[in-house]
Amino acid sequence: MIKIATKEPKVKGDSWPLYQRLFTYTKPYRHFMLLCLIGFIIMASMEVVMAKMMEYFVDGLTTRDKQLIVFIPVAVVVARIIHGVGTFCGNYFISRVGLGVVNDMRKALFAHLVALPCSFYDARNSGELVSLVIYNIAQVTGSVTQAVKIVLRDGFTVIGLLAYMFYLEWKLTLVFLIMAPMLAGLVSIASRYFRRVSRSMQVTMGDISHVTNEALQGYKLVKSYNGQRYECERFNKASNENTRLSTKYERVSALQGPIYHTVIAINLALILFLILLFWQDSPGAALSYITAAAMIAKPIRQLSSVNEVIQKGLAASESIFTVLDMEKEQSTSSEQKTLDVSQGQIDFHQVSFSYGEKRALNNFTLSIQPGQTVALVGQSGSGKSTLISLLLRFYEPQSGHITIDGQPINAVTLQSLRAQVAFVNQQTTLFNDTITANVVYGSAAEIDAQSLHHAADNANAIDFIEAQELKFDTLIGEAGDRLSGGQRQRLAIARALYKDAPILVLDEATSALDNESEQLIQEALETLQQGRTTIVVAHRLSTIEKADVIVAMQDGNIVETGSHQSLLAQQGYYASLHAKQFEG
Ligand code: ADP
Ligand code: MG
C-alpha cells in the first residue's frame, strides 16, 4: 500500500471523519444501496426459514402427515430460490455501488493529480503515484464493498437467527452467546497476524516488481555488463522472501478454520448436552434450534473480521484524501485577468528563488525586448532552467516579480499565461497517439490542416512524416522506435510552431542532437524564433552567437550580458566558457 502521507499512517482515533468522507462517495448510489439492503434482508429471512424447515421435517417424519410430506420438499426449493434472488440482489447492487465509487474516486484523483504544482511531483516518484491511482483506489472500494456486504448480509443473518433462537429457547441462547466473545477474540488475533504478515508480503511484492522493472527496462545495460547473474540474485532474494512470508500466511490461514470450528464444536456440544438433559419442546424444535445455532457460526466469523476490512480501506483512503486535500496550482483569488500579449516584452525584477535551502536565483533582473532572442549560458546548475520554470509559473519566486508587457504574471490566470508561451525542452515528450495529435496537442480549437502542414514543414519534419505509411495518422507509439532523436525533436518544434505563441522558450532543445540533425533543427528553430520573444538555453555555439543578447550566469547571478563579440572582447567569464567549449 502506498503512503503519501508522511504522518503516522495508522488510522486510529480519527477514523470516523475518514469513514464519513468515504461514504459521501456512495451518496449518488443510494438507490443501489437500498436494493442491496432489501436483497440481504430477504436472504437473511430465508436462512431462518431453512432452520424452521428442520422442525417441520421431524414433525413430518413422526406423523407421516401427507400434506407435510408434499409441503416440505417444495418449501425447501422455494425458500432456496428466494434466498438466491436476495443474495443476487445484495451482491450485485453492492458491486454497482463499489464500481461507481471506484470510477468517481479514480477520476477525481486523476484530475487532481494533473492539477497539482510541480513541487508535488518533485518530491515523489511516479511509481508511487501510479500505485495510488491503481492500487489504493481498488483497495478502498474493495473494502467498502466488502465491509457493507458483511455488515448487511451477515449482520441480518445473525440478527434473524438469534431472534429465532431466543424465540425457541431464550435461556439456552444466553448460554450459547457466552461463547461469542471467545470466537470473536480468536478471529481478531488471527486477523492481526494476517495484517502484519500481509504488510511484509506487500513490501516483498514491491521488491519483485522493482527489480523486474529495472532489469527489463535496462536490458541493454544488463547484457552489456553481463549483469544477468546479479539481477537473478537480486530477484531470487526478493522472490524467496515473498514465498517464505506467503508460506507463513498460508499456514496460519489453514490452521484458522480447524481451530475456529473446534471452538464452535465445543460450544455446540455444550448446547447438545443441555438439550439432551432439559429440552421440553418437540424434538423437531430441538433440531431446528441446533440447525440455527450451527448456521450462525459463519456469519459471526465474518462479522468479527469486518473491522480489519474497514481498517484496510481506511488506511488506503487516507493517502488518497491526503492528495485530494493538497492545494492545486493557481490559488490566489485575485488572478482572474487573462494575460494579453501585444508586444512580448519580458521583465524579471529582482527575482529570487530557492528550492528549500538551496538558492537557485539571486536578485535576478533582466529586461527582454519584444522580438529579441536572449541566450542564457552558464555551467550546469547556474539556474537557467529555474528561470524558465518561474516564467511558466511552475514555481513562484520567493521575492521579486516577473512581468510580460507590464502585467505581473502572478496576477493573470495560469492558463492564459501558458497559452502565450511555447516551450521546447531537451526531453521531447511524445504521447502514444498519432503524429497529428502530438503536434496539435493542447490546442482546443479544431485541427487546422493547413497550419499543421505548415508547422511540420517549417520544423523540417515534413519529409519523414510523409515517408511514414500513414503520414500524419501514424501512431507514434509504434513509430516512436523508428524515429531518431532529431526527428522527435523536430516534432516537438512543430508542436511549438503550431501553438504559434508570441513567446518562445527553448531549454537545451538542441543539446542531445547529432550533427546531421542539428543543421535541420537549427533551421527550424530560426523559423520558429521569427517574430517571437525568445529565451534560449543553449550549448551550441551557433545558437548562442546568433542571439541578440547573451546572458552569462553563475550560481543564480548574472555575471555578464552583451553580444557575442562584445563579451569575447571583455575576456571575462563568457570568453572563458567559450574557450573551454572549443577545447572540448
Ligand atoms: P541549469 O538549468 O542552469 O543547469 P537549474 O536551474 O536546473 O540549473 O538548477 C539550479 C540549481 O537548483 C541547481 O543547484 C539544482 O541542483 C537546483 N535544482 C534544480 N531543480 C531542482 C528541484 N526540482 N529541486 C531542488 N533543487 C533543484
Ligand atoms: Mg537546465
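Reply: Start with handedness: a crossing is left-handed if the near helix is turned anticlockwise from the far one by less than a right angle, and right-handed if clockwise. In this predicted model, local features need pLDDT of at least 70 and side-chain atom pairs count only at pLDDT 80 or more, while totals for chains, interfaces and linings use all residues. Residues are numbered from 1 along each chain as its sequence is written, chains are lettered from A and ligands numbered from 1 in the order in which they are written, and side-chain values use heavy atoms, with hydrogens and water left out. The crossing of α6 and α8 is left-handed.

Me: At what angle do the axes of α6 and α8 cross?

Reply: Helices (H or I, at least four residues) and strands (E, at least two) are DSSP runs, numbered from the N terminus. Axes are lines fitted to C-alpha atoms, for helices over the stretch in contact, and angles run from 0 to 180 degrees between N-to-C directions. Here α6 (residues 180-217) and α8 (residues 228-278) have axes that cross at roughly 165 degrees and come within 9 Å. Angles under 35 degrees count as roughly parallel, over 145 as roughly antiparallel, 65 to 115 as roughly perpendicular and the rest as oblique. α6 and α8 are therefore roughly antiparallel to each other. The contact of α6 with α8 involves 22 nonpolar, 9 polar and 6 charged residues, where Ala, Val, Leu, Ile, Met, Phe, Trp, Tyr, Cys and Pro count as nonpolar, Asp, Glu, Lys and Arg as charged, and the others, Gly among them, as polar.

Me: How are α15 and α18 set to each other?

Reply: The axes of α15 (residues 449-458) and α18 cross at roughly 135 degrees and come within 8 Å. The two helices are therefore oblique to each other, and their crossing is right-handed.

Me: What lines the largest pocket?

Reply: On a 1 Å grid over the protein atoms alone, a pocket is an open set with protein on both sides within 12 Å along at least five of seven lines, whereas a cavity is a set of points where a 1.4 Å probe fits but cannot get out; lining residues have an atom within 4 Å of a point. The largest pocket is lined by 33 residues, with Phe394, Arg418, Phe423, Tyr441 and Lys499 nearest its centre. Two or more residues of this lining come from each of α4 (118-122), α13 (414-419), β6 (421-425) and α18 (485-499). By class, the lining has 20 nonpolar, 8 polar and 5 charged residues. The pocket's volume is about 1300 Å³; grid points are joined across faces, edges and corners, and a volume is the space filled by probe spheres set on the points.

Me: Which domains contribute to the lining of the largest pocket?

Reply: Domain bounds come from an automatic or database domain assignment, which here gives domain 1 (15-324) and domain 2 (346-582). Each of the two supplies at least three residues to the lining. Their centres, taken over C-alpha atoms, are 55 Å apart.
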